[in-house]
Amino acid sequence: MLTKHFLAKAYMNRQNESLLTDVIGVPFQLGYAVFWDFWHVNSPVSSLDTGKIGAQNFYYYKKHRMTAKDREKANKITLSIYESLIKSNFFMISGKNKQYYSYIYDRYFEYIDLPRVFVQVHSERKLKDQQEIRIQFDANQAKSIENDQYLTILNQSLAKVDDDLTVLAPTNRCGWFVYKIKDDSLNYRIDLTNFEDDLDDYLIYLDHSHIWNLKRQYGGILSGRSGSGKTSLILSLIYLLMQKSNKNQSSKSIEIWVCDGKNDELGAVMSQILPASHVGVGVETAELVHKLVKKSDERYKYMSKKRKKNPELAFADFTKFGFKMIVVFIDEQSAITASLTDSKARKQYQNDLLRLVQTSRASGIIPVISMQQANANSMGGNLGTAIREQLGGLRVIMGSANMITTQDKQMIFNESVELPISKFRGVGSGYLQTSDMQAPEAFEAPLLPTKSEDLYKLLSSNK
Ligand SMILES: Nc1ncnc2c1ncn2[C@@H]1O[C@H](COP(=O)(O)OP(=O)(O)OP(=O)(O)O)[C@@H](O)[C@H]1O
Ligand SMILES: [Mg+2]
């Protein structure tokens with residue numbers, strides 16, 4: 001997009017300077033100031049202002065049904081981004097390095113070509129998840145924004161207009177870099193005491209901007225220090241699944257199994273709510289896992305028998321065979337391994353677990369495993385790595401970025417990613433990544449009632 005870039009110092013002298021040019025110039029400047037400049041936010045480095053941006057992006061705003069107030073905000077953000085692009089030299093000088101003089105601005109300038117920017121913001125809550133920034137970088141510019149520094153620059157431009165907005169790594173769509181805007185003015189946290197789910201089968205909200213699709217994103221792994229909120233997250237996932245299951249037809253309902261390695265509140269509460277055969281505590285969990293492996297094998301056998309008879313079922317999943325999805329939560333995985341003192345029993349348990357995670361997609365038995373530290377030992381050496389790699393559907397580390405160890409970060413998110421800055425503090429906040437997401441993002445686990453009797457009442461309401 002062509003615009004005038006003001007030059008700090010003129011390389012050339014004003015030509016034909018005379019009293020006459022000032023006589024013409026002054027009324028021009030005055031008129032411009034009174035009728036246009038005064039009414040818009042303008043830039044000290046270029047001739048761009050919010051009024052011009054509004055006119056240029058008129059059709060984009062119209063297409064996305066942005067209100068006058070939203071447009072005003074989008075104009076300000078766009079201006080701030082254009083300025084940052086100029087300051088970071090993301091432009092090309094067009095017109096043979098020529099410099100001109102403008103009577104209107106009383107400044108020298110050169111023509112530059114800037115990447116086009118569109119900003120979509122909404123004040124209406126329902127539309128907030130559509131908020132985004134689009135920038136049309138050319139191939140050279142795209143290469144230079146590859147480092148994360150540009151994200152910081154972009155976030156600074158956003159913060160100048162609205163402190164609650166941040167962007168994450170962009171996706172590339174038809175030559176446009178699309179940055180989704182995260183809006184912290186919203187409370188993304190789900191309050192379980194007052195929550196109705198409106199999603200399809202096998203999909204649950206983790207917060208108002210993250211959804212877990214259990215049928216496509218198999219298995220879950222949760223990690224975090226003691227007291228960071230792992231068990232609470234498991235309890236809320238159980239509640240959400242039970243609520244969903246309750247509303248569904250029986251074939252699509254979800255069966256929940258719970259293993260509590262520490263033999264703590266999770267096992268105590270859930271054994272009151274779920275059938276006794278679906279809950280195991282301490283060493284019992286090894287038996288429970290073994291039972292599930294047998295179940296998985298039975299499902300396998302049944303499905304292959306049916307498939308042989310009916311080739312149309314070759315690509316059908318477990319639901320087509322009348323099987324319910326089973327989600328098994330294994331809390332405090334390392335406590336279970338540690339409690340199995342007999343090396344044979346431990347080996348057997350680890351093999352069972354590996355088999356369970358490997359067959360989970362086909363059999364519809366989905367394991368979600370938690371542990372305080374995601375090091376290889378908590379899963380049992382190399383076997384543990386194999387197990388961990390199969391649990392990529394949902395990966396979570398609870399806690400704030402400074403509490404999370406580098407090792408945990410690498411183990412869970414599989415690479416040395418930088419965790420984005422999070423505004424969430426305190427228990428119940430953390431980072432998550434589903435297998436559909438490019439990088440981990442901050443989130444807050446659903447809010448549970450603080451009183452234990454209220455929590456029990458809530459959980460048993462979907463019995
Ligand atoms: N989502 C939440 N909603 C409400 N309270 C929470 C939430 N998450 C954590 N808490 C509070 O923090 C306390 C500790 O959380 P939790 O027991 O879930 O941690 P943990 O990671 O399982 O710890 P440990 O590793 O010791 O078992 C809870 O008893 C609860 O008071
Ligand atoms: Mg716990």
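Predicted model: local features only at pLDDT ≥ 70, side-chain atom pairs only at ≥ 80, totals over all residues.

Residues are numbered from 1 along each chain as its sequence is written, and side-chain values use heavy atoms, with hydrogens and water left out.

**Overall form**
- The secondary structure comes to 15 helices and 19 strands, taken as DSSP runs numbered from the N terminus (helices H or I, at least four residues; strands E, at least two).
- The radius of gyration, taken over C-alpha atoms, is 29 Å, well over the 23 Å that the globule rule gives for 463 residues, so the protein is more spread out than a compact globule; that rule is 2.2 Å times the number of residues to the power 0.38.
- Of the 463 residues, 51% count as buried, meaning under 20% relative accessible area with a 1.4 Å probe and protein chains only, whereas exposed is over 50% and partly exposed lies in between.

**Salt bridges**
- The structure holds 11 salt bridges, each a side-chain nitrogen of Lys or Arg within 4 Å of a carboxyl oxygen of Asp or Glu.
- D183 pairs with K128, their closest N and O atoms being 2.8 Å apart; D183 is in strand β9 and K128 in the loop between β5 and β6, 55 residues apart, and both are buried.
- E444 forms a salt bridge with R189 at 3.6 Å between the closest N and O atoms, linking parts of the chain 255 residues apart, and both residues are buried.

Key
Chains lettered and ligands numbered in written order.
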